Amino acid sequence: MQEHVQLSQKKINDDLLAGVLGMPKWWLGAVGFLLLVIATGIGAYGYEINKGLGVTGLNRPVLWGFYITNFVFWIGISHAGIMISAILRLTQAEWRRPVTRVAEVMTIFSLMAALSNIMFHVGRPWRLFWVYPYDFSRGLFMNIRSPFVWDPSAVMTYLIGSTLFVYVALIPDIAVVRDRATGKFAPKIYGMLCLGWRGTPRQWKLQAIAGILLSALVLPVFVSVHSIVSWDFAVAIGVEGWHSTIFAPYFIIGAIHSGVSAVAMIMALAMWMWKLDNYLRPDHFDAIGRLLIVVATTWFFFFFVEWIFALYTLESPELALRELQVFQAPYMWLFLAFLLTSFFIPVPMWLFKSVRRSPGLMFLSTILVNIGMWLERFLIIIPGLARRQPLQFDWGSYHPSIVEILVVAETFAFVALGMLLFSKFFPIIPIFDMKEGMQVREEIKIGRRIVPASIRETP
Amino acid sequence: MASHNASGHNEEHHAEGMYVPFTSQREVVNDLVTKHDKISDKWLSGVAAAGFLLVLGVIGFVMRVNDGVSDRMVWAYYAMMFSFILTTASAAPMVAIAPRLANAHWRRPVSRVAELWSAAGIFSLLLFIPMLWILPPLTDGRRSLWFYNSDDPFFSKVPVYSPHIWTTAALLSLAALGIMLLWLSAMPDLALMREHSTGWKQKWSARLSGRWIGTTEQWNMLHHRMGIVGALYFMMLVFVHYLVSTDFLMTLVPGWIDSLYPLTHAANSLQAGVATVILTMFFLRKFGGYEDYFTLDQFWAMSKLLFALSLLWFWFWFSSFNVFWYGKKPSEQAVLKYLMVGSYQPAFMAGFILSFVTPLLVMMWNRVRKSFWGPTIMSVAVLAGTFFDRLRLYVAAWSYPGVGDYRVDKHEIPFDSIPAANMPGVPDVLIVLGVIGGAVLFYLLAARLIPPVSIWEQKELMLYKLHKAYHRTEVLVLGKPR
């Protein structure tokens, strides 16, 4: 990175621990507001439990609505963490350093939000334990053919793996906080959490190996999670638009599109809120913007192939569904908004370097992407179910109720609150990684030019 | 932050990490130009062997021509070999494009090895020509990407030879882009040959290198153009696989509607392309005298790619299989029965084991990945697996009775009447050998015209790398130009 700012280790500690050891003025207000939204959502959910699923807009034939849309959306967002961290770590991309933790932490909270959506959707959450065999002596087992077993199993595995991933990368930073925390309990808690970290060569070696191993191990889980979510739809042959073999890779690349966009969005927010201009440079936004051009274009190609093959069948129900999505209100407006916001507005924007290097414009364009990707999931799920079948007894449409809207809003507030709380207790930019980045950075002079370089250990 | 002068440090000799065996750029030039100028016995033997195989293939082709073009079943192995070359040789240049875009230094000796396979792209274009006569027009009622429908007033206007027209155009574009990429990347080396070679080679390189003298403007333009042509090559490669795997494969098997398969076809080709390049590297190292350039760095990096793409093979295959198998739709069950568990089961199992199971079990070990023999043997396995995978799909599709016959249902295979496997005859075996020989011959001839190791990229690496002491160890410093 040519725009690199060389900082002393003390300066890095001071900057990146400012949010942990102190408290910005806006912090309490933001937490209060998010708690209010969450409380409203929980209240709405309590009402739903009390009255039953009838208070939602779900009815025959549309029995999967906002909650499932939101579930798929949050699973998608969760893919950013591993995409950014594991893959960029394995490929030794230097620009990853300040970005990784934001992405990893977002993974954890978005997975929790996704899991909660399944609970909101089932209507009788107290029966959730049926997902797992709860009493071997009775010979009762879960129905392994059900998506309600696949999804929690995959998502829980991913959640555990991602939490370990974050924790291992966090240990050296917790030790830094331990040494600076004041009060009666904080040093003790941080002391316990950092597992006696002293920064010996052996500890560093083990930490690095664990990070690489977890990166490699969590990658297949990352792929499996959204594949399984996509198969919830794709293996069903009764709903037009769902039974498509491309769904698994299509969902994954869509997830990466929305997830990486969300990371760029949070990077901009973090930069503004914690004044991290020295760490999150225009170069980082530029790198993410380039990555997003590739990801978005690939995603659009998958979308295009999915559509072509839907038309290629020449089966009238499939064609009728596509007609409903594109030519009939209200779906046609949503479809138009989806295309514009997920691809046709942001990607041309990212083609300009000045846009990619502007945190404000990147923030704006990536918000658009996530609006578009939420709509994409909605348009996959709802029109397929709502399409009128030959038998008229269950003709109907879907309108989300206020309960669903409040509960969905709660998940957004939950993730935001989680990120805020995390950043209050732990550094949101990895301190040790930034210091390492400063150490391995070099320059090579070639003629009159100075080329940025980095140190690699000889194999 | 220290600043170092590259030239000062490169005078040291280091055995590991982005190894360059020479201390000056002049030595690199001399070594590579001398190697390229010399016509070795091994190269002549290779040309003779490949030429002999090609002659056998031509004999097989003539025998098949005598059978006529009306029965597509006899051309099934020919179609399979066309797709095999498209999958392997035409995908190999991607190994040059992607790491170059990512600025990976290990790719420097590998780039040209990969780009030279563009020459075989011309061969795949030649192989495609007879297929234009063999594949029927869309009038038989089969599904098509071009939505031809004789009963519809609008779609009846679609040209009935649309698959032929568009696939030809795409293949032509792919071949042209491949040659353009090779030429662009070779231009600085051709200019060097213009200065250092003699005879016909000097004339040839003078003509092709144009006015290249290596000004800053020319270098900037070259990098820019290579980036654009590389990106276009990748897009065209995916598009060609999309067209071929749909119009020349899937539409021939009634009921086979697999939206993922065009991408699977392309992903498989990336895996086979990497395997092709690893195998070529091995031969150049073993028999071409390039052991100083193809070191563990290159084999290690390439084997990681091969391993990742082998895992991708499984994921794509399983994504399609699971949806068909779990969905239990009769038409899709029949397709599975025909292509995987029925007559072509041995070929499917061979493909599955060689393209996925073996690479997974063997290449998960770093010791294997970081060796010369491990990636090479796995490349052979992957190429053999790709061969069997293409065999079970293309031979099955081209042998399905009724293609071209409008009276036969094009939308569903009857589950109980799965056709038997089409076993190869003598002409088919000759064609298989001939096509492999032809592709290798094209490569060997191209490697006589253009150095198989990029001279300018090797020289550039000497500028971007240096070794330095760091506390108690020694580290490699690599420059990453923007």
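Predicted model: local features only at pLDDT ≥ 70, side-chain atom pairs only at ≥ 80, totals over all residues.
How many of the eight residues of helix 6 (residues 108–115) of chain B are buried? Residues are numbered from 1 along each chain as its sequence is written, with chains lettered from A and ligands numbered from 1 in the order in which they are written.

**Stop 1: helix 6 of chain B**

Eight of its eight residues are buried, so helix 6 of chain B is mostly covered. Buried here means 20 or more other C-beta atoms within 10 Å of a residue's own; 12 or fewer is exposed, in between is partly exposed, and C-beta atoms are placed from the backbone. Helices are DSSP runs of H or I with at least four residues, strands are runs of E with at least two, and both are numbered from the N terminus.

Show R108(B), P109(B), V110(B), S111(B), R112(B), V113(B), A114(B) and E115(B), the buried set. Then colour what they pack against: helix 5 (94–101), helix 7 (118–134), helix 8 (162–196), helix 11 (261–287), helix 12 and helix 18 (455–464) of chain B. Contact means that two residues have their C-beta atoms, placed from the backbone, within 7 Å.

**Stop 2**

Axes are lines fitted to C-alpha atoms, for helices over the stretch in contact, and angles run from 0 to 180 degrees between N-to-C directions. Under 35 degrees is roughly parallel, over 145 roughly antiparallel, 65 to 115 roughly perpendicular, and the rest oblique.

Helix 5 of chain B passes helix 10 of chain B in a left-handed crossing (the near helix is turned anticlockwise from the far one by less than a right angle; clockwise would be right-handed). For the side chains, pick M94(B), I97(B), R100(B) and L101(B) in helix 5 of chain B, which meet M226(B), G227(B), G230(B), Y233(B), F234(B) and L237(B) in helix 10 of chain B. By class, this contact has seven nonpolar, two polar and one charged. Nonpolar covers Ala, Val, Leu, Ile, Met, Phe, Trp, Tyr, Cys and Pro, charged covers Asp, Glu, Lys and Arg, and the others, Gly among them, are polar.

**Stop 3: helices 12 and 13, chain B**

Now take helix 12 (residues 296–327) of chain B and helix 13 (residues 330–341) of chain B, whose axes come within 8 Å and cross at roughly 125°. Helix 12 of chain B is therefore oblique to helix 13 of chain B. This crossing is left-handed. F324(B), W325(B) and G327(B) from helix 12 of chain B touch E332(B), V335(B) and L336(B) from helix 13 of chain B.

In the loop between helix 12 and helix 13 of chain B, click K328(B). Its phi is positive, about 60°, although it is not a glycine. K328(B) is exposed, with 10 other C-beta atoms within 10 Å.

**Stop 4: L279(B)**

Go to helix 11 of chain B and pick L279(B). It has 20 C-beta neighbours inside 10 Å, so it counts as buried. L279(B) and V380(B) are 101 residues apart in sequence but 7.3 Å apart in space, C-alpha to C-alpha.

**Stop 5: over to chain A**

Select helix 2 (residues 25–51) of chain A, where L34(A), G41(A), A44(A) and E48(A) are buried. Their cover includes helix 15 (402–425) of chain A. Carry on to P61(A), in the loop between helix 2 and helix 3 (66–90) of chain A: the peptide bond from R60(A) to P61(A) is cis, with omega near 5°.

**Last stop: where the chains meet**

Show both chains: 37 residues of chain A are in contact with 38 residues of chain B. On the chain A side, the largest share, eight residues, comes from strand 2 of chain A. That side has 21 nonpolar, nine polar and seven charged residues.
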